[in-house]
Amino acid sequence: MNEFNLNEIDKTFVNYKDKKLHEGIVFAIQPEGIVFNLGGKVDAFIPKDEIENFGERKIGERFSVMLLGGKNEDGLFLASQKRAEKIEVENQNAKSIKLGCSFTCVIDSIKNNCLVSHLGDYTIEIPEVEISIRKINPKFLLHKKVDAIAIEINSETKNIKGSVRILEEKEKQANEEIFWRTNFVNKVVDGKVKNFTTYGAFVDVGGVNCLAHISNLSNKKLQSPSEVLEIGKTYKFRILEMNKNTKRVSLGIKQL
């Protein structure tokens, strides 16, 4: 004869956790929302604004909801069908991410200088060394959308590690190949001023960093490149020198 065991009985009950998906069935439709049965005598209430296509819902319809935490005045769990659907879509998107493929995510927190994002039940982490090829404060990317490439996927723990740095390196290499193939000395190009030094300005031309020496910015003697250039603005420059081996490119404005 089996011994009476409370632990075994507890296992037969569903543990209804907040922020998790729970499947159930539409039990009753009211003007302000839906009474949703989660199984047995456990009911939840889904407010009208938390239901997709409220007017098309039918009694007996089955779908998933997310418990929001707390109960309404009737003692029913508060739930959301819209948020559950969002998580289901995000889970599908996370499952479609393949190793070595690029994806987009929004950074929602930073932990130990590691960028953290969530896609449904999946956690996406971008370690500090994988954030960028440039020195950058991770805080600048908080709540920003970033493109990364999947470098590690653990389906069991629902964890994805990504790298922005690898994508940047690939983009930089592609830009350099195009630059050296399409440009030549004396060609006039558009360049965006990135920053100043005492001896000139660094200018981005098609993703390649070039130098416009202060002596090549004007026919008159300048104390600073800021006298003729402004950071963030795009100007016409002439290519004066190109050395593919050292990857150095010299630009000028006065030569125009």
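**Close-up views of a predicted model**

**View 1. The surroundings of N72.** Leaving aside residues up to four places away in sequence, N72 touches F45 and L78, where contact means heavy atoms within 4.5 Å. This is a predicted model, in which local features need pLDDT of at least 70 and side-chain atom pairs count only at pLDDT 80 or more, while totals for chains, interfaces and linings use all residues. Residues are numbered from 1 along each chain as its sequence is written, and side-chain values use heavy atoms, with hydrogens and water left out.

**View 2. N72 in its loop.** The loop that holds N72 lies between β4 (62-71) and β5 (77-80), strands being DSSP runs of E with at least two residues and helices runs of H or I with at least four, numbered from the N terminus. N72 has 15% relative accessibility and therefore counts as buried (under 20% relative accessible area, with a 1.4 Å probe and protein chains only). A polar atom of the N72 side chain lies 3.0 Å from the backbone nitrogen of D74, and the backbone nitrogen of L76 lies 2.9 Å from a polar atom of that side chain.

View 3. The 15 residues of helix α2 (residues 81-95) should span 21 Å at 1.5 Å a residue, and the end C-alpha atoms are 21 Å apart, which agrees; the expected span is 1.5 Å times one less than the number of residues. The buried residues of α2 are Q81, A84, I87, E90, N91 and A94.

Definitions and conventions:
Buried < 20%, exposed > 50% of the residue type's maximum accessible area, 1.4 Å probe, protein only. Polar contact = N/O pair within 3.5 Å; in protein donor to acceptor, adjacent residues only side chain to side chain.
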